[in-house]
Amino acid sequence: MRLALLSLVLLSACGDGGDAVVSPEATTLPLTWEAGNRVLLLTVSRPFRDPATPLPPFVEGTCTTVAHFGEATAAGALPQLDAEGPCILTDAPADDLGDLADFTGLQGGTVRVDARDPGDGANVTLAGSFPPAAALPCETLQDRFEVESFGGEFTDDPLGDFSVFVDRGIRPTISTPETTPAGIANWPASGDLRVVWADRDSPSIEIRITPRGGGIPVLQCFVPDEGSFEIPGRLLDALRSAPATMEVVRVTGGPTPAEGVEVRITARTSDAIFLEP
């Protein structure tokens with residue numbers, strides 16, 4: 001069965017506190033789920049800079065792929081301490097299903113990520129666990145790549161035949177806040193933070209601000225790719241007194257229903273800067 005990627009829609013998702021989160025649907029992770037929901041998550045990431053680098057200058061990021069297949073044991077949402085508009089402040093940031101306590105791994109056979117030349121793709125086995133990200137040479141991928149699943153690989157295989165095409169997004173180069181040549185910008189002493197990036201019109205953008213070198217809380221904003229966004233100052237107050245890293249991630253692809261399974265195939269391309277008090 002051939003699947004078409006869904007167009008951008010808006011949804012409301014309630015978390016553990018604060019206001020409702022309003023976000024594009026085309027996020028890497030579902031923002032909410034019901035008990036029994038089955039989700040296949042496959043993400044290809046291409047960071048221009050490694051946001052985990054603790055000090056300037058940035059180190060070039062490594063392309064990776066993550067493939068997780070799981071079932072929700074209870075209804076839930078991305079954990080949040082507070083929220084405003086499309087932004088959440090969380091003490092449990094999640095990048096994939098393995099970070100969400102509500103999901104348990106399922107066996108799902110083999111999924112193939114196609115590549116530029118035959119033999120250069122990746123066959124991913126969904127073996128009922130949540131493996132770490134695997135290295136993937138980005139130069140082997142087409143700008144528009146295909147992900148395929150083949151049903152009936154074992155008795156009661158929950159994944160049927162499907163094929164999804166995903167466009168690799170253009171890096172969202174950050175122009176505001178302005179930075180030094182080392183990629184450092186100053187935190188605003190108070191108020192909102194305006195973020196501007198290059199290009200637009202992908203399914204969605206995720207802006208993430210993390211304390212330098214890791215830690216919590218983490219701020220995540222899931223916004224339309226309109227070239228700019230103002231992060232609410234109220235949520236920034238939990239972070240602005242210390243060094244932080246801000247990453248802007250262009251997300252292409254998104255969710256596609258497939259015979260009882262929510263298939264979320266996305267490509268993530270990012271830029272990042274340092275924020276200093």
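Five cavities of 30 Å³ or more turn up in this structure. The term needs its rule. On a 1 Å grid over the protein atoms alone, a cavity is a set of points where a 1.4 Å probe fits but cannot get out. A pocket is an open set with protein on both sides within 12 Å along at least five of seven lines, and lining residues have an atom within 4 Å of a point. Grid points are joined across faces, edges and corners, and a volume is the space filled by probe spheres set on the points.

Before going on, two notes. This is a predicted model, where local features need pLDDT of at least 70, side-chain atom pairs count only at pLDDT 80 or more, and totals for chains, interfaces and linings use all residues. Residues are numbered from 1 along each chain as its sequence is written, and side-chain values use heavy atoms, with hydrogens and water left out.

The largest cavity holds about 110 Å³ of space. Its lining has 16 residues, and nearest the centre are Thr28, Leu29, Glu206, Phe222 and Arg268. Strands here are DSSP runs of E, at least two residues, and helices are runs of H or I, at least four, numbered from the N terminus. The largest share, four residues, comes from β18. By class, the lining has eight nonpolar, four polar and four charged residues. For the classes, Ala, Val, Leu, Ile, Met, Phe, Trp, Tyr, Cys and Pro are nonpolar, Asp, Glu, Lys and Arg are charged, and the others, Gly among them, are polar.

Now the largest pocket. Its space is about 650 Å³. Of its 29 lining residues, Pro51, Asp95, Arg208, Glu247 and Arg268 are the closest to the centre. Elements giving two or more residues are β4 (38–47), β5 (64–72), β18 (204–211), β21 (244–258) and β22 (261–276). The largest share, five residues, is from β4. The lining splits into nine nonpolar, 13 polar and seven charged residues.

Next, salt bridges. The rule is a side-chain nitrogen of Lys or Arg within 4 Å of a carboxyl oxygen of Asp or Glu. The whole structure has 13. One joins Asp95 and Arg208, with the closest N and O atoms 3.0 Å apart. That pair links distant parts of the chain: Asp95 sits in the loop between β8 and β9 (103–105), Arg208 in strand β18, 113 residues away. Arg208 is buried, at 11% relative accessible area, while Asp95 is partly exposed, at 42%. Buried means under 20%, exposed over 50%, partly exposed in between (1.4 Å probe, protein chains only). A network of salt bridges links Asp95, Glu206, Arg208 and Arg268.

Another bridge pairs Asp82 with Arg234, closest N and O atoms 2.5 Å apart. Asp82 is in strand β7 (residues 82–84) and Arg234 in helix α1 (residues 233–236), so the pair ties together parts 152 residues apart in sequence. Arg234 is partly exposed, at 43%.

Last, which cysteines form a disulfide? They are Cys87 and Cys221, with sulfur atoms 2.1 Å apart; the cut-off is within 2.5 Å. The search finds one disulfide in the whole structure. Cys87 is in strand β8 (residues 87–90) and Cys221 in strand β19 (residues 218–223), 134 residues apart. Both Cys87 and Cys221 are buried. The S-S torsion is about 110 degrees, so this disulfide is right-handed.
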